Amino acid sequence: MDPHPGAHLTVAQIADHLRTPIVGGPDVGSIIVRDIDDDSRTIRPGDAYLAIPGSRWHGLDFEREVAAAGAVLVISDRPAFRPPHFSSMNRVA
């Protein structure tokens, strides 16, 4: 069950809020994001993955796993290999 019914945002809305460009094809901005999660083990289809550095690994080390789990977006402090994504954490004011 969706914990936030009706609270969905698009990739473009998130990018606009974070003031950063989207890396990906021309239509990725219209993708609906169901939720945002920073735990690669709990990503579900439609989620955005917040890939942050940890004490042993960087969240991007799990990029393939979150893509296979259905993540529709990666947000990180450095570029990801799989679009759509944006590197925005160092740009937020």
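Where is the place of Leu73? Select Leu73 and you land in strand 5, residues 73–76 (strands are DSSP E runs of at least two residues, helices H or I runs of at least four, both numbered from the N terminus).

Before moving on, a word on the model. It is predicted, so local features need pLDDT of at least 70 and side-chain atom pairs count only at pLDDT 80 or more, while totals for chains, interfaces and linings use all residues. Residues are numbered from 1 along each chain as its sequence is written, and side-chain values use heavy atoms, with hydrogens and water left out.

**Stop 1: around Leu73**

Leu73 is buried, at a relative accessible area of 1% (buried means under 20%, exposed over 50%, partly exposed in between, with a 1.4 Å probe and protein chains only). Now show its contacts (heavy atoms within 4.5 Å). Not counting residues up to four places away in sequence, Leu73 touches Val11, Ile14, Val33, Asp47, Ala48, Tyr49, Pro84, His85 and Phe86.

**Stop 2: the largest nonpolar core**

Next, select Val11, Ile14, Ala15, Leu18, Val33, Ala48, Val72, Leu73, Ile75 and Phe86: these 10 residues are the largest nonpolar core (a set of buried Ala, Val, Leu, Ile, Met, Phe, Trp, Tyr and Cys residues joined through side-chain atoms within 4.5 Å). Helix 1 (11–18) and strand 5 each supply at least two of its residues. Helix 1 gives the most, with four residues. For a second, separate core of eight residues, pick out Ile43, Ala51, Val66 and Ala80, which are among its members.

**Stop 3: the largest pocket**

Turn to the largest pocket, with a volume of about 180 Å³. A pocket here is an open set of points on a 1 Å grid over the protein atoms alone, where a 1.4 Å probe fits, with protein on both sides within 12 Å along at least five of seven lines; lining residues have an atom within 4 Å of a point. The volume is the space filled by probe spheres set on the points, which are joined across faces, edges and corners. Of the 14 lining residues, select Asp38, Tyr49, Trp57, Gly59 and Phe62, the closest to the pocket's centre.

**Stop 4: a ring pair**

Keep Trp57 and Phe62 selected. Their ring centres are 6.2 Å apart and their planes at 75°, so the pair is edge-to-face (centres within 6.5 Å, using the six-membered ring of Trp; planes over 60 degrees apart are edge-to-face, under 30 stacked, the rest tilted). Trp57 is partly exposed at 49% relative accessibility, and Phe62 is partly exposed at 28%.
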